[in-house]
Amino acid sequence: MALVVVGAILFVAGTAGAFFAARRRDGVPAAGWYPDPSTRAARQRFWDSRAWTSQVADGGPAAAPGRHFRGRFWGPWAWYLLGGVVVLMAGSVLYQSTGNIHVMALASLLGMGGVCWAFYGFVDRQLALHDVVRPVTVLAVVVGTSGAVILIAANINSWIINSDGIAAATAWVGVVEEGTKLLVPLLLFALGRYRDPRAGIAVGLASGFGFAITETTQYAYATATASGPNFCGTGVVEATPSAVVQEQIFRVFTVSPLHWLWTGLAAAIAWRLWHLYGGRGTWGALGGIALVMVVHSLNDSSATAFCDNPAASTGAVVLRWVLLVVMYVVFRAWARKSVPASLVGVVSRGWVPRRLPRSRGL
């Protein structure tokens with residue numbers, strides 16, 4: 001009961017904080033015709049102050065192609081990543097020497113927070129998210145989603161596991177967890193806040209961070225106190241300090257990044273379509289969200305689907321690493337459609353907008 005109250009307080013406080021932290025700002029850069037970033041030809045494309053539109057016109061200078069791994073690729077985000085790694089490693093060593101699980105939980109929370117902020121800082125350098133979202137908004141959405149996880153996802157997942165077993169829970173996990181993560185961003189959108197496509201990406205990532213930080217911290221305690229059979233029922237769960245550390249490090253750098261990539265991708269698709277096409281973009285937005293839910297469920301289901309086939313189980317683990325790379329590439333493909341005109345040619349070449357819609361301008 002106490003956790004429910006805590007979850008409710010965090011959800012309301014975080015959502016309200018994000019709502020009131022919003023500020024009316026003119027689109028950045030201002031609406032106008034700019035060199036079309038999706039082609040090397042001498043063509044212009046209209047930026048409506050929030051997104052690239054389908055309006056194009058021949059003439060004008062060609063857009064700069066961008067650079068490889070120079071320009072805005074490296075930045076302060078690398079130091080946040082290093083800080084997160086150092087905290088996680090130091091906490092792991094201290095936990096193994098003391099056996100105090102609170103140390104590992106705190107290291108997981110702070111380390112996961114550092115890794116999340118590093119990724120946000122990296123994306124911010126490519127999209128200038130600070131033009132549309134304040135850092136306090138990111139924190140508020142993290143808090144609000146953390147409350148939603150405690151209040152909704154954790155309870156629904158537990159109910160499904162207790163009622164129908166772990167296999168059913170992994171089959172439904174995409175719907176449950178992605179629905180929970182999108183709750184705060186969609187509620188803010190419905191209230192008229194953060195409707196800029198770049199703002200959608202920012203709050204989508206922040207919501208994924210909130211989920212990842214909360215789940216990773218919870219798993220520190222859950223893994224340390226685990227007993228009984230593993231997911232496949234083929235062995236006993238290890239709860240030694242070294243096993244806990246190994247599981248937490250694996251979760252921070254492989255499992256958790258998928259959470260913010262999935263939600264960031266769903267928001268990148270939905271917010272862009274709603275901005276450009278209004279209600280006509282709803283089916284596409286819902287399709288993107290549904291696709292993310294399905295991929296999420298398939299990923300988690302792979303943990304129990306090959307229990308009787310060790311070779312296939314090992315292959316599934318390898319595929320999860322591949323999925324992490326694929327999800328980053330897909331997320332980038334959608335997010336870079338919102339790179340503002342002022343950064344075209346400055347960001348790394350992989351972040352230059354491509355495959356933009358095309359119709360002849362006036």
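**Strands and their pairing**

Modeller: The model is a predicted one. I begin with the strands: β1 (residues 32-35) and β2 run antiparallel and are joined by four bridges.

Colleague: What makes β1 and β2 a pair of strands?

Modeller: Pairing requires at least two bridges between two strands. Four bridges join β1 to β2, so the two are called paired.

Colleague: Which residues of β2 are on its covered face, and which on the uncovered one?

Modeller: Arg43, Arg45 and Trp47 form the covered face of β2 (residues 43-47), whereas Gln44 and Phe46 form the uncovered one. In a regular strand the side chains alternate between the two faces of the sheet.

**Backbone features**

Colleague: Why is Ser49 called buried?

Modeller: Its relative accessible area is 12%, and buried means under 20%; therefore Ser49 is buried.

Colleague: Why is Arg355 called exposed?

Modeller: Arg355 is found in the loop between α10 (310-335) and β4 (359-360). Exposed means over 50% relative accessible area, and Arg355 has 73%, so the word applies. Phi of Arg355 is near 50°, a positive value in a residue other than glycine.

Colleague: Where is there a cis peptide bond?

Modeller: A cis peptide bond joins Val28 and Pro29, with omega at about -10°. Pro29 is found in the loop between α1 (2-21) and β1.

**Residues in helices**

Colleague: Why is Pro241 called partly exposed?

Modeller: The relative accessible area of Pro241 is 32%; buried requires under 20% and exposed over 50%, so Pro241 falls in between and is partly exposed. Pro241 is in helix α8. Leaving aside neighbours within four places in sequence, Pro241 is in contact with Tyr95 and Gln96.

Colleague: Is Thr170 buried or exposed, and how do you know?

Modeller: Thr170 has a relative accessible area of 8%, under the 20% limit, and is therefore buried. Thr170 lies in helix α5 (residues 166-181). Not counting residues up to four places away in sequence, Thr170 touches Ser297, Asp300, Ser301 and Thr304.

Colleague: What makes Asn157 a buried residue?

Modeller: Asn157 has a relative accessible area of 15%, and the limit is under 20%, so Asn157 counts as buried. Asn157 is in helix α4 (residues 135-164). Beyond its neighbours within four places in sequence, Asn157 is in contact with Ala169, Val173, Val176 and Glu177.

**Helix packing and the core**

Colleague: How do α3 and α8 pack, and which residues meet?

Modeller: Helix α3 (residues 101-127) and α8 pack at an angle of about 30°, with their axes 11 Å apart. The crossing is right-handed. Met104, Met112 and Phe119 are among the α3 residues in the contact, and Val252, Phe253 and Trp260 are among those of α8. The residues of this contact divide into 12 nonpolar, three polar and no charged.

Colleague: Which residues touch the most other members of the largest nonpolar core?

Modeller: That core has 72 residues, of which Phe119, Val123, Leu205, Trp260, Phe331 and Trp351 touch the most other members. Helix α8 (residues 241-277) gives the most to this core, with 12 residues.

Colleague: How do you know that Phe119 touches Leu205?

Modeller: Contact means heavy atoms within 4.5 Å, so Phe119 and Leu205, listed as touching, meet that limit. Not counting residues up to four places away in sequence, Phe119 also touches Phe209, Trp260, Leu261, Tyr328 and Phe331. In soluble globular proteins, nonpolar side chains tend to be buried together.

Terms used. Residues are numbered from 1 along each chain as its sequence is written. This is a predicted model: local features need pLDDT of at least 70, side-chain atom pairs count only at pLDDT 80 or more; totals for chains, interfaces and linings use all residues. Side-chain values use heavy atoms; hydrogens and water are left out. A nonpolar core is a set of buried Ala, Val, Leu, Ile, Met, Phe, Trp, Tyr and Cys residues joined through side-chain atoms within 4.5 Å. Buried means under 20% relative accessible area, exposed over 50%, partly exposed in between (1.4 Å probe, protein chains only). Axes are lines fitted to C-alpha atoms, for helices over the stretch in contact, and angles run from 0 to 180 degrees between N-to-C directions. A crossing is left-handed if the near helix is turned anticlockwise from the far one by less than a right angle, and right-handed if clockwise. Ala, Val, Leu, Ile, Met, Phe, Trp, Tyr, Cys and Pro count as nonpolar, Asp, Glu, Lys and Arg as charged, and the others, Gly among them, as polar.
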